[in-house]
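Biologist: Could you zoom in on the spot that the database record marks as a binding site, and walk me through it residue by residue?

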Amino acid sequence: MKQYKYPNIKDWKSLCERPLQNQENLSEQVKSIFDEVKISGDKALKLYTEKFDGVALSSLKVSEIEIEEAKNLVSDDLKSAIKIASENIRKFHASQQEEKKIIETTEGVFCWRESRAIENIGIYIPGGTAPLFSTVLMLGIPANIAGCKNIALCSPPDKDGKINPAILFTADLVGIKNIFKVGGSQAIAGLTFGTETLPKVDKIFGPGNQYVTFAKQLALNYNMAIDIPAGPSEVLVIADESSIPEFVASDLLSQAEHGTDSQVILLSNSETIINEINIEIERQLKELPRHEIAKIALQNSKSILSNSIDEAIDFSNFYAPEHLILSIENAENFTDKITNAGSVFLGNYSPESAGDYASGTNHTLPTNGFAKNYSGVSLDSFVKKITFQNITKNGIQNIGKNIELMAEAEELMAHKNAVSVRLKYLENEN
Ligand SMILES: NC(=O)c1ccc[n+]([C@@H]2O[C@H](COP(=O)([O-])OP(=O)(O)OC[C@H]3O[C@@H](n4cnc5c(N)ncnc54)[C@H](O)[C@@H]3O)[C@@H](O)[C@H]2O)c1
Ligand SMILES: N[C@H](CO)Cc1c[nH]c[nH+]1
Ligand SMILES: [Zn+2]
């Protein structure tokens, strides 16, 4: 990690840049994948799967036999861990259901909102560098609670043309039957346009690498809705003298191991702690199977010495990290100061990987500074909220005059008239 003294505000923007690939190449490539998939459907999906995933597929859809076989390949211990995590995720997301609240804004004027599930959704499960079956829980469970009817799951196949068994087991656990062996931006294009095999959906969910994330943003141009830009993982840790270097180093490495384009940031008001954490990183790195990936991610990463914890929080709010860990004394006292972050972990015993798997919160979170204007995935992401109003005779008499005045001021006389005819009718009735 490169080391910095607390920067002058004019340097914050450049310090907060994420390790993006050449945006021009990326966008050109993804756009041409979209064009091809739009024209050639399955044929293009198969060609890109051969090119990027190294496997020629005869069928894109996972068969029922494959799902049954996969269930036997997952150990009982892992099955039970997935089930325990799924209960916590279910509890937390079920608590996000809203009661219908009817508000009488003026006497006789009743307004409320009701949620309706988005019927046809596509969920993307990353599988390029690691088979993220935990993401199936993070998207499948809230989709179930919301009542989404048709769920299509896409994930890249391995070199043998198979989807990881744990992904198939977890999909089966949450009731997802339509599973397709297609990844990357071609999967997003397939769900956007629909092909002979893939359904066209109303909204696409799920994290992914830069290709997937750019593709989701491109899909917006084709009347598609997306959850959030949830790209390469990142974590920012704020540490003080009370933090345990071994713990902090493990948290930083947990996100660095996701991909070479991940980024981790450490801020501390103690130079001693920064040095100790760096020593720990070097020690733990050697023991990681994915050390080559993490090592490259660490080259994109920074440690910053601040003068105070408040200063560190100011910088973090500007950076808007996907994950923020407050590894500081009395971390709960600082939560009000956090204005931009996807998900926050407090104290020494809240590792980020708890949120990745099992605490209950969603791990599909905004990256690349999007925590400034997006929330992570939640139950709300899977529903539309429809507003209702029921206005009584008394109600229209109470607000009618105001509406007439406002409509007239906007020179929209038909609007005014829609109220006037009713007020006149009621006058005659009395
Ligand atoms: N923000 C979040 O909520 C969140 C959650 C989980 C994971 N993630 C991130 O998701 C990402 C998963 O990435 P991944 O790569 O492991 O899996 P992935 O499934 O997102 O991407 C793999 C696919 O990328 C495509 N691809 C690879 N190289 C390409 C190229 N040169 N040109 C065009 N397409 C190409 C291929 O089609 C391949 O199937 C990681 O960066 C991880 O940090 C983010
Ligand atoms: N940390 C990732 C989100 O950035 C989610 C994840 C899934 N599995 C492990 N980690
Ligand atoms: Zn993770």
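Modeller: Let's start with Asn 209, which is in contact with Gly 128, Pro 232 and Gly 259, if you leave aside its neighbours within four places in sequence. "In contact" means that the C-beta atoms of two residues, placed from the backbone, lie within 7 Å. Keep in mind that this is a predicted model, where local features need pLDDT of at least 70, side-chain atom pairs count only at pLDDT 80 or more, and totals for chains, interfaces and linings use all residues. Residues are numbered from 1 along each chain as its sequence is written, while chains are lettered from A and ligands numbered from 1 in the order in which they are written.

Asn 209 has 21 other C-beta atoms within 10 Å, so it counts as buried (20 or more is buried, 12 or fewer is exposed, and in between is partly exposed, with C-beta atoms placed from the backbone).

As for the record, an unreviewed UniProt entry lists Tyr 124, Gln 186 and Asn 209 under "binding site", though such annotations may be inferred rather than shown by experiment. These residues span 86 residues in sequence, yet no two of their C-alpha atoms are more than 12.7 Å apart, so they gather at one spot.

Now for Gln 186, which belongs to helix α8 (residues 184–193). With 30 other C-beta atoms within 10 Å, Gln 186 is buried too.

Terms used
Helix = DSSP H or I, 4+ residues; strand = E, 2+ residues; numbered from the N terminus.
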